[in-house]
Amino acid sequence: MRTFWAFLRQTARQRFLVRQAGRHVLTAWLAFALVLTAGAAHAQLNVEITGVGSSQFPVAVANFQNEGSAPTNITAIIRSDLQRSGRFRNVDVAGATVPETANVDLGSWKSRGADAFVAGSVTPNGKGQFDVRFRLYDTVKGTSLGGLAFTVSAAQLRVTGHKIADYIYEKLLGERGVFATRLSYVSRVGNRFQLLISDSDGQNAQVALTSNEPIISPQWSPDGSKVAYVSFEAKKPVVYVHDLATGKRTLVSNQKGNNSAPAWSPDGQRLALALSRDGNTQIYLVNADGSGLRRLTRSSAIDTEPQFSPDGRSIYFTSDRGGAPQIYRMPAAGEESGGAQRVTFKGSYNVSPRLSPDGKQLAYISRGGGFKLQLMDLSTGDVTSLTDTANDEAPSFAANGKYILYATRVGGRSVLAAVSTDGRTKQVLSLQSGEVREPSWGPFMQ
């Protein structure tokens, strides 16, 4: 192991080769070499909020009527979602239970400091399902802001709570919430790796894949029905697409050498990949069923980590063609269709590009006093450092573009973290035992 690390440190180019194009091989080496604590990991992520927004909207969410008849506490989910966002402050309701049909004294809730009030109910309908209803009020104007009604199974109660929180978020802040979206990530305990799919709060985790070999680089399809990832179960990195509803998976790329860094096109029909089949790692394009492989870059450098722009016209990628790793942009049809333009100029080592859903911002990792998450305004080139950690990697935007999920290390442990794009709201998501990394934030639910 010592000889291996000495080899990695020989030259900057070799380090880049291992960290980027060969980052997946490094992960495999470490998986075998590290001695990990034995024991089963608790699948649910624990969330610690370490910062809040500059201003918070005070909202009172009364206990939903008849909620004791349901196996899931929807009121608690709503309150937790609003608090985690950093944009809301939960006003104490002193145990009040208020149904959506009540004649609410909005003035009394305003006097308690709430600018908005939520009332609701959860009622068994006798058919094995629950009727969930709520109404949102503006206590300042003394008006109703509407509400929704759902008929759901017991298994759907959690996501219903998230949907209600999304409704509140959008009505009060004027932008879509992401509480009802999902996360994917990889947990590791001993020599067991699991690809997990959870709610946005890290709860309700479901296992998509278990392997004794590393699983890395999960990426959601645009419609949220599939996840592409890299598996080492064949003793080398191979790209698969996993259908979450059926559990069926498709082998997309098992070319000679490394098959890595899958990234979906916005229409969900193709994947950009980094392959070393012809020697140096380069960017390729392939159909989601594994057909139609086509090479997009033909440089003498290392080209890796492709990411489509939201409009599908461009691909951003990492390359050391200028002597050190930086982020470049080329036409989605390939470098021969218009050349590649350098995007990052601040810092000597910039990798892992991720585009915001509106295409206006670029998140990436920069080396300088450690590896830190950066955010660039693509219209001005202005760059903001978002974190105070030093081992950041794998950034992923929330579907509304307001938060970024990433992997890092805190207290000597591999954890996930989320930060708002203004840098004010921060969360740490960790397992009770084991380590977690390789995060990807899913799209809006269809």
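**Exercise 1. Describe the open sheet of 4 strands and say which strands stand at its edges.**

Solution. The 4 strands follow the order S9-S8-S7-S30 in an open sheet, and their pairing is antiparallel. Strand S9 (206–211) and strand S30 (435–441) each have a single partner strand, so one side of each is left without a neighbour in the sheet. On average, neighbouring strands of this sheet are turned by 20° against each other, direction ignored. Strands here are DSSP runs (E, at least two residues), numbered from the N terminus. Two strands pair if DSSP finds at least two bridges between them.

The model is predicted: local features need pLDDT of at least 70, side-chain atom pairs count only at pLDDT 80 or more, and totals for chains, interfaces and linings use all residues. Residues are numbered from 1 along each chain as its sequence is written, and side-chain values use heavy atoms, with hydrogens and water left out.

**Exercise 2. How many bridges join strand S8 to S9?**

Solution. Strand S8 covers residues 192–199. It is joined to S9 by 5 bridges, and the two run antiparallel. Phe 193 stands opposite Ser 211 in S9.

**Exercise 3. Locate Asn 254 and list what it touches.**

Solution. Asn 254 lies in the loop between strand S13 (249–253) and strand S14 (259–264). Not counting residues up to four places away in sequence, Asn 254 touches Lys 236, Val 238 and Asn 259 (contact: heavy atoms within 4.5 Å). The C-alpha atoms of Asn 254 and Val 238 are separated by 5.1 Å, with the residues 16 apart along the chain.

Key: Axes are lines fitted to C-alpha atoms, for helices over the stretch in contact, and angles run from 0 to 180 degrees between N-to-C directions.
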